[in-house]
Amino acid sequence: MGITLDTFDGRRWYRTNRRRRRLAGTPDGRYLVRAPDGVGGRARYEIFLEPLATTTLFGPHAIRSVTGNFRGLERDDADSVYKRTPSARRSRYEVVSEIPLRGLVVENSDDVVLSEAYLQLSDDLDPRIVELAETIAQTGTTVLEKASLVEAYLKSNFAYSLELTWDPGDQPLATFLFDAQSGHCEYFASSMAILLRVVGVPTRMVNGFLAGEYNAVGGSYIVRQSDAHSWVEAYVPGRGWVEFDPTPPDPNRREISLAVLLSHYVDAAELFWNACILTYDSETQLQFFTSAQQAIRSARQSLRRRSDRWVVQGQAASDRLAARMRGIVEAPWFWAAVFGLVVLGFAFRNRREIRTRWKIWRLGSGKGTADLDVVIRMFYRAAALAAPRAAARKPHQTWREWAARLPDEGRRVVISSALVVFERARYGNGPITADDYTALEQALQQLRS
């Protein structure tokens with residue numbers, strides 16, 4: 001991105017008096033800079049330009065159209081674009097640029113008549129420069145090949161430096177090429193332009209800015225004053241003006257560090273502030289709210305589609321579960337399993353009672369030995385048979401007090417014999433014998449009869 005400098009007087013480049021033409025703007029603020037005539041692709045860029053001491057509008061590569069809130073724009077025959085009046089405020093605009101494809105070969109004839117200024121050389125040009133140019137380009141058969149050879153020669157054999165400790169003298173390019181062999185970008189660009197003009201290639205030098213530092217946080221390029229640069233455009237028949245940059249990389253370019261990464265967040269926040277607050281004109285507002293409305297509408301439609309899909313999936317899952325449960329309930333094994341679980345639950349809950357009854361049954365068959373649980377169970381059964389409902393034992397009564405108040409003397413005698421066994425087993429330290437079990441069994445038989 002930059003402006004072109006066309007004339008060289010042997011010591012410095014300067015702009016010739018170029019005729020500027022006004023660009024007709026459309027109602028949407030779009031200005032057509034130049035009709036498509038190059039070979040390459042198109043790209044759109046949004047640019048925030050800080051106030052500079054120039055009316056030039058910058059953009060990548062060859063600008064084809066500009067869209068922005070300007071009172072008017074102008075361009076010259078070198079395709080540089082200018083505002084009519086300088087501005088002390090930040091400018092926001094969009095450009096559509098054509099990105100040239102250097103590697104593409106186009107077999108078109110030169111149908112453009114160029115100014116002789118693009119081949120101008122100084123009258124006192126050092127003969128060594130002429131000899132060097134012919135030596136470098138001798139293997140090139142086309143303009144593109146010659147320009148590429150000169151570009152590669154300067155990049156490979158010279159060093160970039162901002163510390164100029166040498167005296168340029170009356171022939172600064174000769175001093176740079178044959179003595180110093182190090183310098184800044186203007187020396188590289190000037191040298192390439194002159195070397196190409198010597199071998200008949202029209203050239204012009206361009207001053208502008210490099211792409212700058214990419215900020216991955218904000219997804220943008222940060223172009224600073226330190227990115228100011230000079231390069232060369234050579235006219236290639238059938239292709240137009242093609243960019244060449246003979247300057248080697250800066251060896252002192254700063255590396256990515258924690259401080260640089262933190263600065264990226266600051267720059268991203270500043271970019272957001274500039275885009276959404278400071279340069280928030282009516283067009284930007286309309287674009288922002290239109291995008292927001294579309295995003296909300298898209299999110300709502302997506303949510304509705306998802307919710308409908310979830311409802312359908314949930315209903316299908318519910319139907320499958322209901323069908324499976326119905327098949328399970330109707331199966332015979334299900335009710336058998338339910339009955340088995342009920343029996344197991346009942347048995348677990350009454351496991352002590354069942355175990356005692358099992359012991360009593362075994363004792364009746366002549367197996368096993370009696371224990372305290374068996375004695376208690378048989379005595380409680382005998383007490384239930386001995387006492388009618390009205391004579392049930394009260395909580396404050398002992399078993400002996402209760403037995404003494406039984407109205408039936410025969411029952412009172414039987415339960416008293418059983419009570420002796422119960423008390424000895426419950427409160428005594430002696431073992432429970434087979435005779436104890438026999439006494440309780442006889443008491444139960446007598447009470448049943």
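Because the model is predicted, local features were required to have a pLDDT of at least 70 and side-chain atom pairs were counted only at pLDDT 80 or more, whereas totals for chains, interfaces and linings use all residues. Residues are numbered from 1 along each chain as its sequence is written, and side-chain values use heavy atoms, with hydrogens and water left out.

The secondary structure of the chain comprises 12 helices and 18 strands, where helices (H or I, at least four residues) and strands (E, at least two) are DSSP runs numbered from the N terminus. Of the 449 residues in the chain, 36% are buried; with a 1.4 Å probe and protein chains only, buried denotes under 20% relative accessible area, exposed over 50%, and partly exposed the range in between. Among contacts (heavy atoms within 4.5 Å) with a separation of 6 or more, 66% are made by residues 24 or more positions apart.

Two strands are taken to pair if DSSP finds at least two bridges between them. Strand 9 runs antiparallel to strand 4 (residues 20-23), to which 4 bridges join it, and R21 stands opposite R75 of strand 9. Strand 9 also pairs in the antiparallel sense with strand 10 (residues 81-83), over 3 bridges, and here K83 is the bridge partner of L73. Strands 9 and 10 form a hairpin with 4 residues between them, and D79 in the turn has a positive phi of about 70 degrees.

Side chains of opposite charge can pair when their charged atoms come close. A search of the whole structure finds 4 salt bridges, each defined by a side-chain nitrogen of Lys or Arg within 4 Å of a carboxyl oxygen of Asp or Glu. In one of these, R44 and E94 have their closest N and O atoms 3.4 Å apart; because R44 lies in strand 6 (residues 40-49) and E94 in strand 11 (residues 91-100), the pair ties together parts that are 50 residues apart in sequence. R44 counts as exposed, at 56% relative accessibility, while E94 is partly exposed, at 21%.

A further salt bridge joins the side chains of E233 and R204 (2.8 Å, N to O); E233 belongs to strand 17 (residues 228-236) and R204 to strand 14 (residues 203-209), so this pair ties together parts that are 29 residues apart in sequence. Both E233 and R204 are buried. The side chains of E423 and R400 likewise meet in a salt bridge (2.9 Å, N to O), which links E423 in helix 11 (residues 409-427) with R400 in helix 10 (residues 399-404), 23 residues apart. E423 is partly exposed at 24% relative accessibility, as is R400 at 46%.

Y214, Y221 and V223 make a nonpolar surface patch of about 320 Å². Patches consist of residues with over 30% relative accessible area and no salt bridge, like charges being joined within 9 Å and nonpolar side chains (Val, Leu, Ile, Met, Phe, Trp, Tyr) within 5 Å. Y214 is found in strand 15 (residues 213-215) and is partly exposed, with a relative accessible area of 43%.

Conventions
Areas by Shrake-Rupley, 256 points an atom, 1.4 Å probe, with all protein chains shown as cover.
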